[in-house]
Amino acid sequence: MLLLISLCTFGSIALLVIGLSMKSERDVIRDRMFDQTKPAESTLNSVELEMAVPFTERIVMPFLRRLAGFAVRFTPGGATQAVEEKLETAGRPWNMGYREFMGLRVLSVIVISLAGTAVINLVNVSPMLRVVGIPAIILCGALLPDYVLDSIIRKRQAGIRRVLADTLDLMTVCVEAGLGLDGAMQKVIEKQDTPFSREISRALQEMRLGKLRADALKDMARRIRIPEVSSFVAAVCQADQLGVSIARVLRVQCETLRSVRSQRAREAAAKLPVKLLIPLVFFIFPAIFVVVIAPGAIQIARSLGMLQ
């Protein structure tokens, strides 16, 4: 009986303390309103969030968008689509869209035109060369961003070609170990950090959002624009439709890719002697001629009395 009275007393005191420590509904509403009406702290948070954004996205990209406003109006729709496709193939460098690229093109034209005009004025060329040179400089400024973008695309495609066979080997091992194709693609994302693995990650995200696997893989091949990837995607889609073993298809694709890579290496080795002719003729042979012929020429000149 004494124990029961003690437990009841302890419980009553605990409930009383809990009830006194709890806030009333009015206090909760007051605290929420106070949190919503703190201007200094909210302003500070917004400034901190804005400063956390990278400099390129905070300053450079908005400047390029404003600069592209005039050029976008006079650009046809086909050119817009072509630039968007090239940016996708390049992997969206610096998170750049079509408007940012057009702004970069306008900026390149302005900077190179000013620099070229200053050089022409300093050199003091003839009026005819000035008339021909200024349009050529403007054209170079307009084509420079496209050249840089094409070089980025070539470098990215070369990187994908280098790792493609190894990536398919990893996928083949994962599929033969019992994983599905989606699981093998996820393993590739976990084990590798390459342009191809990032494209696979994007395809997986699209599949999670509801896109069919065949459509996601075809979009990936369309973005990469490499015949080997297109052949791999076509084989996987056909195997998926016909019910063929994915592991066998991946194994055949790996062997084909390694054969293609070997043929490409032999082709590059066959082109090497032709490419070496230019440095041999213009840089190496003149030095050899000077070292070999010059002493004999000096002796002949001395014997003929041409040199004292």
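**Reading a helical model**

User: Where is the place of P195?

Analyst: P195 sits in helix α10. The model is predicted.

User: What is P195 in contact with, leaving aside its neighbours within four places in sequence?

Analyst: The partners are R156 and I160. They count as contacts because heavy atoms lie within 4.5 Å of each other. Q157 is 38 residues from P195 along the chain, yet their C-alpha atoms are separated by 8.6 Å.

User: How many helices and strands does the protein have?

Analyst: There are 13 helices and zero strands. Read along the sequence, the pattern is α-α-α-α-α-α-α-α-α-α-α-α-α.

User: What share of the protein counts as buried?

Analyst: Of the 308 residues, 27% are buried. The cut-off is a relative accessible area under 20%. The protein exposes about 21,000 Å², and carbon and sulfur atoms supply 67% of that area.

User: What share of the contacts comes from residues 24 or more positions apart?

Analyst: Such pairs make up 60% of the contacts with a separation of 6 or more.

User: What makes the phi of N95 worth a remark?

Analyst: Most residues other than glycine have a negative phi. N95 is not a glycine, and its phi is positive, near 55 degrees. R225 is not a glycine either, and its phi is positive at about 60 degrees. Just after α7, N124 takes a positive phi of about 60 degrees. Just after α12, G243 has a positive phi of about 80 degrees.

User: What do the buried residues of α12 pack against?

Analyst: They pack against α8, α9, α10, α11 and α13. Among these buried residues are F232, V236 and C237.

User: What is the reach of α7, and what is expected?

Analyst: Helix α7 spans residues 98-123 and has 26 residues. It reaches 37 Å from its first C-alpha to its last, close to the expected 38 Å. Its buried residues include Y98, M102 and G103.

User: How do α7 and α8 pack?

Analyst: Their axes are 8 Å apart, at an angle of about 145 degrees. The crossing is right-handed. Among the α7 residues making the contact are F101, L104 and I112, while α8 contributes residues including I134, I137 and L149.

User: What makes up that contact of α7 with α8, by class?

Analyst: The count is twelve nonpolar, six polar and three charged residues.

Key. Residues numbered from 1 in each chain as written. Predicted model: local features only at pLDDT ≥ 70, side-chain atom pairs only at ≥ 80, totals over all residues. Heavy atoms only, no water. Helix = DSSP H or I, 4+ residues; strand = E, 2+ residues; numbered from the N terminus. Buried < 20%, exposed > 50% of the residue type's maximum accessible area, 1.4 Å probe, protein only. Areas by Shrake-Rupley, 256 points an atom, 1.4 Å probe, with all protein chains shown as cover. Expected span 1.5 Å × (residues − 1). Axes fitted to C-alpha atoms, helices over the stretch in contact; angles between N-to-C directions. Left-handed = near helix turned anticlockwise from the far one by under 90°. Nonpolar A, V, L, I, M, F, W, Y, C, P; charged D, E, K, R; others polar.
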